[in-house]
Amino acid sequence: MSDTPSLVQGTDELLVSLCNSVTRVLNVATTCHIQYSGMVQRIKKTYLKPDIGCFVLFDGGFSGLVIINFSAAAAMELYRSYLLNMGMSESDLASSHTSDEVSNVMGELMNQVVGDFTGKVRRELQTHITQNQPKMLVLNKQVQLSVDANLDNPEARRVTFYTASNNIFYLELAVDSTEFIKLHDFDAAEVVDPDAIIAQAAQPSRTASSAPADTADVETEALLKSLGM
């Protein structure tokens, strides 16, 4: 997408945009440095794998499936960093990746990742996709689950991600084989920053509230001078 400007956008451009959504959201949410490999794997099928597998289906302008398979160490690092960054104390954190709280947090992070990605699809490809609620499964080393996304002509990719502590997790993307061809030039819509909007909206009220106080001070000073004080 915007990461590799081109008149034609295909599966690999979608993948780059999705990978950048993963790093952007996780870097901000956890304050950990997340990076992904410069190499991508072409794969035949997508799987949920140990220790925590998470998947999201999306549909609309095109259909697809996103899977992230976390190792226990990667999941715990992101979970702990996220909650500590939110202000929670160390004693309140779960100690095992099998805890429901860990699954809930990882599901929320994935929801933010895919939400960021679908927003870029609307702005930059000028089409619309919707997502379902992320599903999380804690898996043991003997379980391997294949997820059928009901795609007509699927293309699948796998990318390796690394956390700040060099823990590994994998992203898998399966989408219908498709291309977006640019017909004419257009400006992608700007990303809306809710915090900036709130700050901007509050600015006039602060200015207006300070004006009466300044006027009152001037009038008071003039009155005191007229009284010789």
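Reader: Does Cys19 count as buried or exposed?
Author: Happy to start there. Buried means under 20% relative accessible area, exposed over 50%, and partly exposed in between (1.4 Å probe, protein chains only). Because its relative accessibility is 2%, Cys19 counts as buried.

Reader: What pLDDT do local features need in this predicted model?
Author: Residues are numbered from 1 along each chain as its sequence is written, and side-chain values use heavy atoms, with hydrogens and water left out. In this predicted model, totals for chains, interfaces and linings use all residues, side-chain atom pairs count only at pLDDT 80 or more, and local features need pLDDT of at least 70.

Reader: How many disulfides are there by the distance rule?
Author: A disulfide is a covalent bond between the sulfur atoms of two cysteines. Here the rule asks for a pair of cysteine sulfur atoms within 2.5 Å. Cys54 is buried, at a relative accessible area of 0%. For disulfides, the count is 0.

Reader: How many helices and strands does the chain have?
Author: Both are DSSP runs numbered from the N terminus, helices being H or I with at least four residues and strands E with at least two. On that basis, the chain has 4 helices and 12 strands.

Reader: How far apart are the end C-alpha atoms of helix α1?
Author: The expected span of a helix is 1.5 Å times one less than its number of residues. Helix α1 covers residues 11-30, so its 20 residues should span 28 Å. That agrees with the model, where the distance between the end C-alpha atoms is 28 Å.

Reader: Which residue with a positive phi follows α1?
Author: Let us first look at the helix itself: 15 of the 20 residues of α1 are buried, so the rest of the structure largely encloses it. The residue that comes after α1 has a positive phi near 60°, and it is Thr31.

Reader: Which elements do the buried residues of α2 pack against?
Author: The 14 residues of α2 should span 20 Å, and its end C-alpha atoms are 20 Å apart, so the two agree. Since 10 of those 14 residues are buried, α2 is largely enclosed by the rest of the structure. Among the buried ones are Met76, Glu77, Tyr79 and Tyr82. What these buried residues pack against is α1, β5, β6, α3 and β11.

Reader: Which residue just after α2 takes a positive phi?
Author: This one is quick to find on the model, as it comes just after the helix. Its phi is about 100°, and the residue is Gly87.

Reader: What angle lies between the planes of Phe58 and Phe62?
Author: Rings of Phe, Tyr and Trp (its six-membered ring) pair if their centres lie within 6.5 Å, with planes under 30 degrees apart counted as stacked, over 60 as edge-to-face and the rest as tilted. The whole structure has 6 aromatic pairs. Phe58 and Phe62 form one that is edge-to-face, with 5.6 Å from centre to centre and a plane angle of 85°.

Reader: Which residues do ring pairs link into a cluster?
Author: Let us close with one more look at the rings. The cluster joined by ring pairs consists of Tyr36, Phe70, Phe161 and Phe169.

Terms used
Contact means heavy atoms within 4.5 Å.
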